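Subject: The structure, and what turned up in it

Hi,

Here is the structure to open alongside this email. My notes follow just below.

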Amino acid sequence: MLSKKKPESTVDIEQHELLEKAQKWVRQKKKLFSHFVMFLIGSVLLLLANKILKYGEGYDWSIWAILVWAFLLILHTFNVFVTHRFMGKDWERQQREKLVQKQKQRISAIQKEIETDFPISNINKKKDQ
């Protein structure tokens, strides 16, 4: 009497999966944005250290460091917007289903081959004799 039952959630499994996928997508984009902000701040600090503070003055190492970091940022962007979108869990599931279907076709082809080579009626006749 004192305890109240909470109404059960009417969210079905598909809606739950879509929600999780959306949350994961938002987290990936948030990490990418923070990576971009860190890249901007880090680039400014590297340029300051190299040019104004004259650390490693004889060589423009900060440009190379920024280029390497920019390449890593581009890889991260590609990973978020291309790889995970087109090769995510849905893609993995589809690939598994294709492989399972191929296996089933191979098994049925082998079973048909066995049935034509060794029909069951011939085996039963041999046992009777």
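First, a term: buried means under 20% relative accessible area, exposed means over 50%, and partly exposed is in between (1.4 Å probe, protein chains only). By that rule Phe 39, at 12% relative accessibility, counts as buried.

Please keep in mind that this is a predicted model, where local features need pLDDT of at least 70, side-chain atom pairs count only at pLDDT 80 or more, and totals for chains, interfaces and linings use all residues. Residues are numbered from 1 along each chain as its sequence is written, and side-chain values use heavy atoms, leaving out hydrogens and water.

**The core**

Phe 39 belongs to the largest nonpolar core, together with Leu 32, Ile 66, Leu 73 and Val 80, five residues in all. Such a core is a set of buried Ala, Val, Leu, Ile, Met, Phe, Trp, Tyr and Cys residues joined through side-chain atoms within 4.5 Å. Helices α1 (13-52) and α2 (61-86) each supply at least two of its residues, and α2 gives the largest share, three. Helices here are DSSP runs (H or I, at least four residues), numbered from the N terminus.

**The aromatic pairs**

There are two aromatic pairs in the structure. Rings of Phe, Tyr and Trp (its six-membered ring) pair if their centres lie within 6.5 Å; planes under 30 degrees apart count as stacked, over 60 as edge-to-face and the rest as tilted.

- Trp 25 and Phe 81 have ring centres 5.6 Å apart and planes at 80°, so this pair is edge-to-face. Trp 25 sits in α1 and Phe 81 in α2, so the pair ties together parts 56 residues apart in sequence. Trp 25 is partly exposed at 21% relative accessible area, and Phe 81 is partly exposed at 33%.
- Phe 39 and Trp 69 are also an edge-to-face pair, with 5.7 Å centre to centre and 90° between the planes. Phe 39 is in α1 and Trp 69 in α2, so this pair links parts 30 residues apart in sequence. Trp 69 is partly exposed, at 23%.

**Ser 43**

What does Ser 43 touch, leaving aside its neighbours within four places in sequence? Ser 43 is in contact (heavy atoms within 4.5 Å) with Ile 66 and Trp 69. This serine lies in α1 and counts as buried, at 9% relative accessibility.

**The loop**

Finally, Leu 53 is found in the loop between α1 and α2. Leu 53 is exposed, with a relative accessible area of 65%.

Best wishes
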